[in-house]
Amino acid sequence: MNLLWLIPALPFFGGLLLVIFGSRFTKGISGAIGAGSVGLAALITLIVGYDFLSSGQDFYRHVAWNWFSVGDLSTSFAFYLDRLSLVFIFVITFVGFLIHIYSIGFMAHDEGFTRFFAYLNLFVCSMLILVLSDNLILLYLGWEGVGLCSYLLIGFWYEEEKNGYAARKAFITTRVGDTAMAAGLFILFWTLGTLNIQEILTKAPEVWAAGSAMVVLVGFLLLGGAVGKSAQLPLQTWLPDAMAGPSPVSALIHAATMVTAGVYLIARMHVIYELAPLAQLWVGIIGAVTLLIAGCSALTQFDLKRVLAYSTISQIGYMFLALGVGAWSAAIFHFMIHAFFKALLFLAAGAVIEALHHEHDMFKMGGLRKKMPAVFWTFLIGAGSLAALPFITAGFYSKDQILWYAFAGEKGNVWFFLAAIVGAFVTAIYTFRMVFVTFFGTEKTHISHPPGKLMTWPLLILAVLSLFGGFIELPHTLGHVTVFSDLLSPVLPETLLREGTESSEWGVQIAAMILGLFGVYLAYLFFIRKPQMTDELQSATRELHQFWYRGWDFDALYNVLFVRPFVFISTINKNDVIDKFYTMLVDLSTFFNKLFAQTQSGILRWYVMGIVGGAILIITITLITKT
Amino acid sequence: MNIIPFESGLMLAGILFMLGLISVLIRRNIIFMLISVEVMLNAAGLAFIVAGSRWAQPDGQVMFIFILTMAAAEVSVGLALILQIYHQLKTLDTDAANKMKG
Amino acid sequence: MIFYIASAVAIFSTIMVITRYNMIHALLYLVVSFLAVSIVFYVLGAPFMAALEIIVYAGAIVVLIIFVIMMLNLKQESVEQERKWFTKNIWIGPGILSVILLGELIYIIASDPQTIVMGAQAVDAKNVGMSLYGPYIIGVELSGLLLMAGIVGAYHLGRQKKKVVHRFLKTAEE
């Protein structure tokens with residue numbers, strides 16, 4: 001479709017305009033260009049989506065130009081739209097547009113206003129290229145692009161050193177994953193001869209037998225890349241520190257879009273994972289372990305945004321778990337709903353932090369329920385969706401689907417199910433802990449100014465989506481609406497169930513509901529009714545509390561494993577052994593210079609002696625050669 | 001009476017030249033160096049006269065006149081420079097004028 | 001005969017020149033050396049050169065040096081300085097070099113003995129003059145240029161500008 005290329009191009013040109021001419025624009029114009037380009041892209045997404053769905057075709061392919069041809073590899077800048085990427089671009093452009101509007105209000109007093117919007121636009125463009133790309137190299141371009149923009153945006157307030165540190169940590173950690181992914185791409189090209197995604201998906205079953213070593217290796221390498229970008233185990237350490245960036249950045253990049261790039265990659269390459277059951281199993285294992293670890297860490301944090309960061313890691317763990325048991329469309333559904341409510345939560349948290357003059361500590365807030373009602377209600381709706389409150393929130397339906405498939409799916413087993421349900425319980429606790437501590441109780445910090453309209457309207461829209469977005473996919477027991485999975489069925493394979501489990505769907509749902517509500521009650525008990533119980537519990541489990549607070553000490557582990565040896569080696573090599581070879585040349589010539597400079601003594605008689613010596617030499621040589 | 005072997009004349013010039021050379025190399029005083037240079041020039045001129053007399057042509061003597069002229073000019077300029085050196089360095093030691101060292 | 005006597009005198013007085021401590025003594029010995037060389041010139045059949053040697057070399061150049069020495073107003077300490085600088089070891093290096101050079105020179109001269117005699121015919125001033133203003137006219141012109149350069153150079157270099165010390169610096173000195 002001719003308009004397809006406009007979707008990534010519009011934000012790109014917006015960003016380019018802001019980069020080149022930004023210093024001359026007023027804040028109003030910069031905001032208009034920044035938000036407007038993404039808004040236009042959202043509009044075009046609607047048009048293209050409607051056109052695509054009504055035409056009944058399976059995909060659109062639009063080749064923009066031929067990028068490069070080297071040997072056997074011919075790569076083009078080609079965009080490929082099918083239903084999976086349609087879902088993704090819908091979420092990216094819409095949520096992105098709402099966040100842009102919010103940012104106009106949030107960053108209104110910041111000096112780097114234009115720079116912010118330029119980076120945001122470039123980010124949206126890279127993400128769109130990532131999901132729309134036709135081949136893996138263009139996808140890698142988008143992959144790296146979002147990594148770069150993430151670095152730029154995390155360290156946006158670069159004058160503070162710790163922000164730059166967090167940005168570097170994010171970049172380097174994801175880089176480790178990117179290298180694994182690049183190795184995967186190399187092997188794919190080497191064995192299959194192409195990097196076009198659709199060709200890979202058709203050729204792979206022909207070339208590789210199911211379970212062969214090569215395809216498992218490729219699966220693991222691609223998983224490595226996904227783990228880096230999506231902040232799963234073992235590369236999850238960068239996301240909590242990335243909260244040093246502004247709240248809109250955390251909402252867009254680290255909740256809704258970039259961290260879901262890994263989910264997209266695995267879903268896209270589902271054929272590879274179906275051929276490599278071991279890799280798929282590990283996707284599930286990583287998802288399950290991560291969601292438990294992050295959930296426990298979220299219980300102990302007191303920075304509002306850090307709770308949300310760990311919550312993001314945990315929810316993406318759910319998506320990975322879904323992919324691991326083969327519930328492909330369930331994972332994408334959860335991605336969409338999660339984008340809505342997590343962006344909402346981050347934006348609302350940003351509004352709270354901004355109103356309280358950059359106070360991040362939850363326990364210093366309180367009593368905001370009456371003072372900021374709009375923020376309170378939208379935050380409550382988002383939190384409810386996160387904790388999967390039954391029936392009314394969208395999160396209930398998406399998370400419930402994952403729980404069901406973890407139990408009953410063909411590749412599901414009881415361990416996955418247990419991990420998921422305990423995770424749901426923990427999620428409910430920490431989510432409502434967050435709500436109760438921040439909004440209830442006595443007011444400890446006063447509001448300096450309430451958030452403006454530009455910041456509240458996106459919150460309202462996202463709240464509506466968090467409430468009603470789930471109704472497009474209802475489980476068997478509640479009406480069996482399958483709009484979403486029908487949408488994705490041409491692209492993603494259907495999830496098969498184990499035999500004999502269909503009847504237990506009710507049981508699973510009831511168990512999940514009860515645990516969720518019990519978690520909310522526990523949070524209420526601990527934080528509103530009897531706060532002294534929290535102090536007693538905390539002092540009783542002090543060691544564990546600190547361990548979970550530090551993110552299960554992964555930072556310390558990596559410090560010992562990688563940072564210290566590297567620093568040690570570079571301290572030893574401070575004089576740079578290899579450089580010595582080149583400095584040796586310099587030293588040699590300096591040495592000879594000093595040696596020969598001594599013949600210039602400045603004494604006249606010395607020079608005359610030199611002349612005489614030279615004369616003798618010449619005459620002797622002449623005499624000798626003559627005879 | 002006037003029979004002089006050719007080699008003796010040249011050897012005389014050579015010996016005088018050597019003596020002047022030794023003196024230039026030994027002396028530290030500038031004026032002595034100048035005097036030694038005069039000795040060397042004189043010896044060179046003697047060599048020319050000897051050569052001219054060998055062929056009984058005036059060319060050697062012409063060369064000697066040129067040498068003489070040059071020596072005169074050189075001495076005057078050299079003495080002017082010596083005056084400057086004495087004025088700047090307050091000494092006639094050549095080793096004191098070693099700013100071109102290194 | 002006269003040639004050998006005169007050359008012996010010349011060599012002896014040159015040795016005297018290079019071993020004196022007092023400058024004036026050395027110069028006087030130098031004059032003697034020049035006189036001896038002048039006699040050699042005459043014997044070799046170049047009377048005009050002999051005269052010119054005495055007039056210009058001994059009479060002008062040496063006198064010029066003597067004037068400058070007197071102008072420098074050196075005291076007894078310069079003699080003492082010379083005595084101090086003149087050690088026995090100083091002769092070694094230059095001595096060896098010069099002996100080597102002399103040896104080579106004598107070798108070259110003696111390696112081709114020719115039975116030529118000189119002094120049979122005197123080349124007098126007229127021949128020299130005609131040769132000068134004939135083929136060697138350019139040399140005459142250049143010598144004129146050289147002498148003028150020498151005069152101007154000597155005048156300019158010999159000038160001594162009084163060093164003017166700024167009054168602030170002067171008070172710092174005193």
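Between chain A and chain C, the count comes to one residue pair in polar contact, both residues at pLDDT 80 or more (a pair of N or O atoms within 3.5 Å; within protein, one must be able to donate a hydrogen and the other to accept it, and residues adjacent in sequence count only if both atoms are side-chain atoms). This is a predicted model, where local features need pLDDT of at least 70, side-chain atom pairs count only at pLDDT 80 or more, and totals for chains, interfaces and linings use all residues. Side-chain values use heavy atoms, with hydrogens and water left out.

Eight residues of chain A are in contact (heavy atoms within 4.5 Å) with seven residues of chain C. Together the two chains bury about 730 Å², 84% of it on carbon and sulfur atoms; buried area is the accessible area (1.4 Å probe) that two parts lose on being put together, summed over both. Met609(A), Ile616(A) and Leu623(A) supply 57% of the area that chain A buries against chain C, more than any other three residues.

Now for chain C and chain B. Here 78 residues from chain C and 65 residues from chain B make up the contact, and about 6,900 Å² gets buried between them, 78% of it on carbon and sulfur atoms.

Note on methods:
Residues numbered from 1 in each chain as written. Chains lettered and ligands numbered in written order.
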